[in-house]
Amino acid sequence: SDQWKLVRRVKAGTTWHPATDALSGAESYGTYSTDLQSDSTFSMSFDHLACSEILFATGDMQKWLIATVDQVNGAIYSGP
């Protein structure tokens, strides 16, 4: 099916997500919510899901990016 499933979220603020699994989907923490604008930070494990694309978005969905799993391969890069 062509449905998106919310699997990871960081609440609004000045800190970035606490996940350290390089998008492998292995981490699970926090209290899951389907509310895109909830005041919570969480991750459900999603390494068992058959995903071909990942959607990154702001809570209000005003800014978003869709990438294939191959494009977001979980590698850690350093740059200037």
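## Exercises on a predicted model

W4, W64 and I66 make a nonpolar surface patch of about 360 Å². Patches join nonpolar side chains (Val, Leu, Ile, Met, Phe, Trp, Tyr) within 5 Å, from residues with over 30% relative accessible area and no salt bridge; areas follow the Shrake-Rupley method with a 1.4 Å probe, only the protein chains shown counting as cover for residues. This is a predicted model, in which local features need pLDDT of at least 70 and side-chain atom pairs count only at pLDDT 80 or more, while totals for chains, interfaces and linings use all residues. Residues are numbered from 1 along each chain as its sequence is written, and side-chain values use heavy atoms, without hydrogens and water.

**Exercise 1.** Locate W64 and classify its accessibility.

*Solution.* Step 1: W64 belongs to strand 4 (residues 64-68), strands being DSSP runs of E with at least two residues, numbered from the N terminus. Step 2: its relative accessible area is 55%, so W64 is exposed (over 50%; buried is under 20%, partly exposed in between).

**Exercise 2.** Describe the pairing of strand 3 and strand 4.

*Solution.* Step 1: strand 3 (residues 53-57) runs antiparallel to strand 4, with five bridges; pairing requires at least two DSSP bridges. Step 2: E53 has T68 as its bridge partner. Step 3: six residues lie between the strands of this hairpin, where M61 adopts a positive phi near 60°.

**Exercise 3.** Characterise the salt bridge of D21.

*Solution.* Step 1: the partner is R8, with the closest N and O atoms 2.8 Å apart (criterion: a Lys or Arg side-chain nitrogen within 4 Å of an Asp or Glu carboxyl oxygen). Step 2: R8 is in strand 1 (8-9) and D21 in the loop between strand 1 and strand 2 (42-43), 13 residues apart. Step 3: D21 is buried at 12% relative accessibility, and R8 is buried at 17%.

Notes: Patches are made of residues with over 30% relative accessible area and no salt bridge: like charges are joined within 9 Å, nonpolar side chains (Val, Leu, Ile, Met, Phe, Trp, Tyr) within 5 Å. Helices (H or I, at least four residues) and strands (E, at least two) are DSSP runs, numbered from the N terminus. Buried means under 20% relative accessible area, exposed over 50%, partly exposed in between (1.4 Å probe, protein chains only).
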